[in-house]
Amino acid sequence: MNNIFIDVDYAQIYKHGQKIGGDVFLLSRNPESNKIVCTLSDGLGSGVKANVLASLTAHMAHKLSFSPIDLGHSAEIIMNTLPVCRERKISYSTFTIADIHYKENMENINVRLVEYDNPLALRFKGCEPVSWQRDKRELQREAAFKKEVVQYSQFNMEIGERLIMFSDGVSQSGLGKSLPLGWRTSGVQKYVSELIKANPNISSRELSSSIVQKANTLDGLCSKDDITAVVVYIRRPRKTVIVTGPPFTKEADEILGEKIKAFDGKKIVSGGTTALIVSRLFNAKIKVDLSCWSPDVPPASKMDGIDLVTEGMLTLSRVANVLEKKIPVSQLPNDPVKKFVEILLDSDQIHFIVGTKINEAHQDPNIPVEIGIRRTIVGRLRNALENIYLKETSQEYL
């Protein structure tokens, strides 16, 4: 695995009273071309109509970004395809596209940015704002009352740098209420700088969530527009190892113990038998943790040297369901599944050590089919982590 990680995450709050957002964010990684594409689109208005327009724009931009077509030409194709509002004579949707290229060793991370009518993106090196050159192109469309400006830029990012994109629901928050002219891009920049200064290692998930929550607070907790913030952060990877299932032979127990001790990162043990083996190897007691109890899954346990100890198959299956359905952590009950998911989302590289000893209990036909066998669930976890959350995963058997 690489020693540099591109951490991308976003947070969003719908306009007050709406059940669907007019802002759409898409994120994809193509390992074959070493490319990550982030697309943020804001549809005109709010609700279903805005969501359809923003989705159309975002998906079009996303597909074109992965095509051989030049990004600048792609933006012009999108602009010419987008309809213009008859009444306001403006485009039905705005967009920001960040096309991130990287080499296999992550030594050179190049970003191509296209911005159309969204608030201009911000860039930070540590807590200090960074300015860069943008090139402007004008496009006159028949139905539009003025020439429209698309801004292009290209730059390299290094460890410790962040790129922040957001919709006008952020920059215009507090407009006419707590702030006469709204929060504005300058206010967002100052707030982000202070957050990073207070917590230099703040993750993209935490930072984007803080920006969105602050904007909602400025709106009096009654958002006047869809509020979306996206953060790209270049940093050293945060690692987690998940140990599940006992090794095939008892002789391999010592190897398992050495691998866990040598691992530099967070450690999760999933499975009662596996926990007993680790407890014996570490000479550490297992204590039930009733602080995160739930009737749906067995409680978690505590063990010195291990960050989280859970039951095996049922808990792993629930975690896989949460990741696949993209259920927000804030909506999860306070149980072992929530703790498990929080650790995974705060990690960049997840390594699975899967024991191959057969547990007779899992061959019971009374066990629900969706739980499946251990390897299948681990496969589901890796697939969700890689394809939905762009995490790096690896796996080994013992």
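This note sets out points on the strands, selected residues, pocket and cavity of a predicted model.

1. The open sheet. Five strands form an open sheet in the order S1-S11-S10-S6-S7, with antiparallel pairing. S1 and strand S7 (128–129) stand at its edges, each with a single partner strand, so one side of each has no neighbour in the sheet.

2. The S1–S11 pairing. The antiparallel strands S1 and S11 are joined by nine bridges. Within this pairing, Phe-5 lies opposite Arg-235 of S11.

3. Strand S4 and its partners. Strand S4 covers residues 93–102, and nine of its ten residues are buried, so the strand is largely enclosed by the rest of the structure. Strand S3 (residues 35–43) runs antiparallel to S4 and is joined to it by nine bridges; here Asp-42 stands opposite Thr-94. S4 also pairs with strand S5 (residues 109–116), again in the antiparallel sense, over eight bridges. In that pairing, Asp-99 has Arg-112 of S5 as its bridge partner.

4. Thr-228. This residue belongs to strand S11 (residues 227–235). Thr-228 has a relative accessible area of 0%; the threshold for a buried residue is under 20%, and Thr-228 is therefore buried. The side chain of Thr-228 makes a polar contact of 2.9 Å with the side chain of Gln-12. Leaving aside residues up to four places away in sequence, Thr-228 touches Tyr-10, Ala-11, Gln-12, Asp-23, Leu-40, Met-165, Phe-166, Ser-167, Val-170 and Val-212.

5. Phe-155. Strand S9 (residues 148–157) contains Phe-155, which is buried with a relative accessible area of 7%. With residues up to four places away in sequence not counted, Phe-155 touches Ile-109, Asn-110, Val-111, Leu-113, Arg-123, Trp-132 and Leu-163.

6. The largest pocket. Its volume is about 1,400 Å³. The lining comprises 41 residues, and those nearest the centre of the pocket are Asp-9, Tyr-10, Ala-11, Lys-326 and Pro-328. Two or more lining residues come from each of strand S1 (5–13), strand S2 (23–30), helix H5 (204–218), helix H8 (313–325) and helix H9 (336–345). S1 contributes the most to this lining, with nine residues. By class, the lining of the pocket holds 23 nonpolar, nine polar and nine charged residues.

7. The cavity. The structure has one cavity of 30 Å³ or more, and the space in the largest cavity is about 40 Å³. The lining of the largest cavity consists of Asp-7, Asp-9, Ser-203, Ser-204, Arg-205, Arg-235, Arg-238, Leu-345, Asp-346 and Lys-391.

Terms used
Residues numbered from 1 in each chain as written. Predicted model: local features only at pLDDT ≥ 70, side-chain atom pairs only at ≥ 80, totals over all residues. Heavy atoms only, no water. 1 Å grid on protein atoms, 1.4 Å probe; cavity = no way out; pocket = protein on both sides within 12 Å on 5 of 7 lines; lining within 4 Å. Points joined across faces, edges and corners; volume = space filled by probe spheres on them. Helix = DSSP H or I, 4+ residues; strand = E, 2+ residues; numbered from the N terminus. Nonpolar A, V, L, I, M, F, W, Y, C, P; charged D, E, K, R; others polar. Buried < 20%, exposed > 50% of the residue type's maximum accessible area, 1.4 Å probe, protein only. Pairing = 2+ DSSP bridges. Polar contact = N/O pair within 3.5 Å; in protein donor to acceptor, adjacent residues only side chain to side chain. Contact = heavy atoms within 4.5 Å.
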